[in-house]
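Have the sequence and the 3D view open as you read.

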Amino acid sequence: TDRVERRLVQSKMCRYFLAVSSLAREKFLEAYGTDPQAVKVVPPGVDSARFQQLDRQQCRREIRDSFGIGAEEVIMLFVAMNFDIKGLDRLIMALAALKHASSDAKFKLLVVGKGNIRKYTKLALSSGIGDQVVFMGALGKAEIARTYMASDIFSILSRFDTFGMVVLEAMAAALPVVISSNVGARDLVREGRNAFVIDDTENAEGIAAKIGLLLDRKVREKMGAEALRTARENTWEKAVDKVVAVYESTLQSLVRSKMPQP
């Protein structure tokens, strides 16, 4: 457990440690106080083709028809297996603030995954957006891909997330994203270009203002294109190359350490 892990980290057997994000790296260093140079960041990759091979317009028609979503309504997507940690409450409150600030804002929130649906249905109702939140439940891999492609914006306002693969998946589906600064995937963000990072997640009005910018089709399509470009820069092949580079560096270091000194 923690004691065994700490002994392993502090032993000379481990020369390098791989973290999926700068956030994960920060937490690792705080916990173990090891040499910062020994902790390398290697983010995961994504297969953009999984999403881009789908017909976006067909996905949009089918999902909208299934849930009675109008063609003019902007779809905000949230995907998580833990609604509490991933900040669904924050997103609902932000969307309620958006509706309060702009009564003509037309949107639907699609919630995918597992969590206390009764709790969050009650929150949505009490916040005045009960009819604008749709709980889809847990979906299979293919259905999730179709849901990404049917959506317009992705958001996850996690309390803590070492990386957040759903963010990279959303980008691969050409969606602009709105995330908290506690999401490791913030490393991929070019603020205002492919995503927005929220520092104060208790400020519903502030989050609403960022989402409000994305209600403009031109803005979100431009940011979505940048998000897709980011995803294509983060393939699994490139992730493998980075891991291989760490192994090669380690091997070279071991070889040099065993060479006779002049």
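What is the order of the six strands in the open sheet? It runs β5-β4-β3-β6-β7-β8, with parallel pairing. (Strands are DSSP runs of E, at least two residues, and helices are runs of H or I, at least four, numbered from the N terminus; two strands pair if DSSP finds at least two bridges between them.) β5 (133-137) and β8 (195-198) sit at the edges with a single partner strand each, so one side of each has no neighbour in the sheet. From one strand to the next, the twist averages 20°.

A word on the source: this is a predicted model, where local features need pLDDT of at least 70, side-chain atom pairs count only at pLDDT 80 or more, and totals for chains, interfaces and linings use all residues. Residues are numbered from 1 along each chain as its sequence is written, and side-chain values use heavy atoms, leaving out hydrogens and water.

Angles run from 0 to 180 degrees between N-to-C directions, with axes fitted to C-alpha atoms, for helices over the stretch in contact.

| Pair | Axes | Angle |
|---|---|---|
| α5 and α9 (204-213) | 8 Å apart | about 70° |

The angle with α9 makes α5 roughly perpendicular to α9 (65 to 115 degrees). In that contact (heavy atoms within 4.5 Å), α5 residues including L91 and L98 meet α9 residues including I207 and I211.

Key
Parallel < 35°, antiparallel > 145°, perpendicular 65-115°, else oblique.
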